[in-house]
Amino acid sequence: MDLPDASAGHALAVRMAELARETAAPRPLERVLRDVTDAAVELISGADFAGVLLVKKGGEFESVADTDGLVALLDRLQHDFGEGPCAEAALTETIVRSDDMRDEPRWPKYAPAAVRHGVHSSLSFKLYTADRTAGALNLFGLRTAAWDTDAETTGSVLAAHAAAAILAARHSEQLQSAVSTRDRIGQAKGIIMERFGVDEVRAFELLRKLSQESQLKLVDVAQRVVDTRGGGG
């Protein structure tokens, strides 16, 4: 949608306010990211479809919040070829822009394949995610020369929102994991205290010693102790 700068800025401000209100309520991460990619297609002229690529520590690719099924295919091509704008943005650069895939020397395998699928331009933004997962917000255009400064500015704002949502979700998962870990260790200590007639400090020392001897994490040893309750072992 071709809007004057003032109108485009107002539209972005309104949409970001909506996204902020939606994020404040507990919602699945996938839904939040889909709102971001929908907003990108809505607000950025030249963006025909969009998606988020997450690159796991082992190099595994995960495509999420795609507005079109072609996005996942493009991500797979980049994984198979070991090159492409989305992976490059996720792992190294802040913004990766291509105005014409027909004349793109950076990705000699990927670019021709993208053109065969009708994609002639792309714009990718690095997501500042945790060190175990890199990510990028990716926009794709069916025509060449699809991007301008406003597209880069709007995309950067949306990418920051997506990154914040990912970090918030990860923090929530870590908090839930920490609570679960604490509960399991607490249950295991209670079982040991009851079974062997020791106090809380001694019960924890026994758990820690078992962890060291077995070379297992403390929480895993605690889970084994908890599991023995049902078996009477």
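Contact here means heavy atoms within 4.5 Å. With that settled, I opened this predicted model and began with a helix.

**Entry: helices and the sheet.** I looked up helix H3, residues 70-81, and found that it lies across S1, S2 and S5. H3 runs at about 40° to S1. Then I turned to helix H2, residues 29-43, which also lies across S1, S2 and S5. For H2 I noted an angle of about 135° to S1.

**Entry: the sheet itself.** In what order do the five strands stand? I read S2-S1-S5-S4-S3, an open sheet with antiparallel pairing. The edge strands are S2 and S3 (95-98), since I saw each pair on one side only. On average, neighbouring strands are turned by 20° against each other, direction ignored. A reminder to myself: strands of a sheet pair through backbone hydrogen bonds.

**Entry: strand S1.** Is S1 (residues 49-56) mostly covered or mostly open? I found it mostly covered, with seven of its eight residues buried. On one side, eight bridges join S1 to the antiparallel strand S5, residues 133-141, and I spotted Ala50 opposite Leu139 there. S1 is also joined to S2 (residues 61-64), by four antiparallel bridges, where Val55 faces Phe61 as its opposite residue.

**Entry: the turn.** S1 and S2 make a hairpin, and I counted four residues between them. Gly59 sits in that turn and has a positive phi of about 95°.

**Entry: S4 and S5.** Finally I followed S4 (residues 121-127), which pairs with S5 over seven bridges in the antiparallel sense. Here Ser121 stands opposite Gly141 of S5.

How values were computed
Residues are numbered from 1 along each chain as its sequence is written. This is a predicted model: local features need pLDDT of at least 70, side-chain atom pairs count only at pLDDT 80 or more; totals for chains, interfaces and linings use all residues. Side-chain values use heavy atoms; hydrogens and water are left out. Buried means under 20% relative accessible area, exposed over 50%, partly exposed in between (1.4 Å probe, protein chains only). Helices (H or I, at least four residues) and strands (E, at least two) are DSSP runs, numbered from the N terminus. Two strands pair if DSSP finds at least two bridges between them. Axes are lines fitted to C-alpha atoms, for helices over the stretch in contact, and angles run from 0 to 180 degrees between N-to-C directions.
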